[in-house]
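I opened this model to look up its salt bridges. These are my notes.

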Amino acid sequence: MARLHLRTNEAPIRTRPLMATFIIFIGIFAILFGIAASIVTGVANISFSTVWNSVFAYDSNNEHHVIIQSLRMPRALAGALVGAAFAVSGAIMQGMTRNPIADTGLLGINAGAGFVLVLVFAFIPSMPFEYIILFSFIGAGLGAGLVYGIAYFARGGLTPLRLVLAGAVVGSLVTGVSQALSLLFQINYDLAFWSAGGISTAEWFQVSVMMPWIIVGLIAAMVLSRSITILSLGEEVAAGLGQRTKLIKGIGAVIVMILTGASVSTVGGVGFIGLIVPHIVRFLVGVDYRWIIPCSAVLGGVLVICADIGAKIIAMPYETPLGSIIAVLGVPFFLYLARKERREL
């Protein structure tokens with residue numbers, strides 16, 4: 001077990017680089033295998049050989065080739081991207097705020113992004129997707145600002161419980177307004193898609209638009225990872241070590257908005273990914289965010305791909321919402337964390 005040269009008042013920071021390296025390599029292999037498994041899974045019975053032929057000898061007259069290229073491949077790739085984005089967003093938030101239950105879904109960021117998307121669907125229905133994603137960034141920022149503003153001005157300040165309660169309030173408020181707008185402007189389908197969360201409608205065009213944003217966000221998170229590790233020790237310790245804490249938090253917030261906005265604009269409000277994955281990663285590799293962030297990205301992609309495969313086969317030929325499957329895992333995990341941290345809450 002390796003040790004960083006940074007120390008808290010109690011103990012040195014511990015990390016496990018060998019375990020982290022193993023997770024990254026195995027996780028990448030799992031993502032590739034999961035993408036292949038996702039492509040062959042579905043109502044239409046497709047073999048691996050057909051997938052291979054569709055990639056290297058595409059035939060536009062072959063129905064299976066068309067299904068693979070136009071539907072299943074972009075869906076699987078979108079799952080890997082948004083899983084990585086949500087997981088890294090949660091890791092950044094937990095590191096910067098030292099809040100063990102920070103998650104884009106629980107803290108209203110997904111809800112804010114979704115609310116602005118509903119406004120776009122209602123008032124500018126013909127807006128191109130490349131502009132829709134920009135509004136999603138704005139909505140993510142508004143959601144985070146509202147939640148943190150409510151929790152900050154509450155008596156007792158920014159505790160984990162107050163943040164979650166503020167997130168619940170903001171989420172309920174914007175969801176109610178969104179439902180009213182959906183009824184008024186007859187966009188119920190779009191709202192239902194966002195509320196349930198899913199990647200079944202992902203297309204190559206959407207993937208091509210969101211991919212650069214997510215890649216840039218992941219790279220920026222890696223660059224900021226050492227500063228997040230220091231900030232996770234506490235603001236006083238970070239300031240004493242020469243860190244510009246406000247600047248780090250500002251950059252981190254922008255990264256979270258980019259990753260969350262790009263993901264929500266494509267797959268809707270899928271929660272709990274950013275809660276579950278970073279905790280598992282910290283348990284396995286320690287508390288150095290130079291390893292937590294890449295491992296979270298890899299395991300987040302694996303989680304969403306596996307959950308999407310489950311969404312296709314649980315009630316075949318019908319699909320189970322992706323958000324519902326992850327919530328089955330996320331809610332018990334949240335309750336466990338809430339009980340574990342009850343003294344801090």
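I started with Asp308, which forms a salt bridge with Arg75, with 2.8 Å between the closest N and O atoms. I count a salt bridge where a side-chain nitrogen of Lys or Arg lies within 4 Å of a carboxyl oxygen of Asp or Glu. The pair links distant parts of the chain, 233 residues apart: Asp308 is in helix H12 (residues 289–313) and Arg75 in helix H3 (residues 63–97). Helices (H or I, at least four residues) are DSSP runs, numbered from the N terminus.

The model is predicted; local features need pLDDT of at least 70, side-chain atom pairs count only at pLDDT 80 or more, and totals for chains, interfaces and linings use all residues. Residues are numbered from 1 along each chain as its sequence is written, and side-chain values use heavy atoms, with hydrogens and water left out.

I then checked accessibility, taking buried as under 20% relative accessible area, exposed as over 50% and partly exposed as in between (1.4 Å probe, protein chains only). Asp308 is buried at 2%, and Arg75 is buried at 7%.

Next I looked up Glu319, which also forms a salt bridge with Arg75, the closest N and O atoms being 2.8 Å apart. Glu319 sits in the loop between H12 and helix H13 (322–340), 244 residues from Arg75 in helix H3. Glu319 is partly exposed, at 42% relative accessibility.

My last pair was Asp288 with Arg290, where the closest N and O atoms are 3.1 Å apart. Asp288 is buried at 2%, whereas Arg290 is partly exposed at 35%. Shared partners join Arg75, Asp308 and Glu319 into one network of salt bridges. I noted 3 salt bridges in the structure.

Note on methods
Helices (H or I, at least four residues) and strands (E, at least two) are DSSP runs, numbered from the N terminus.
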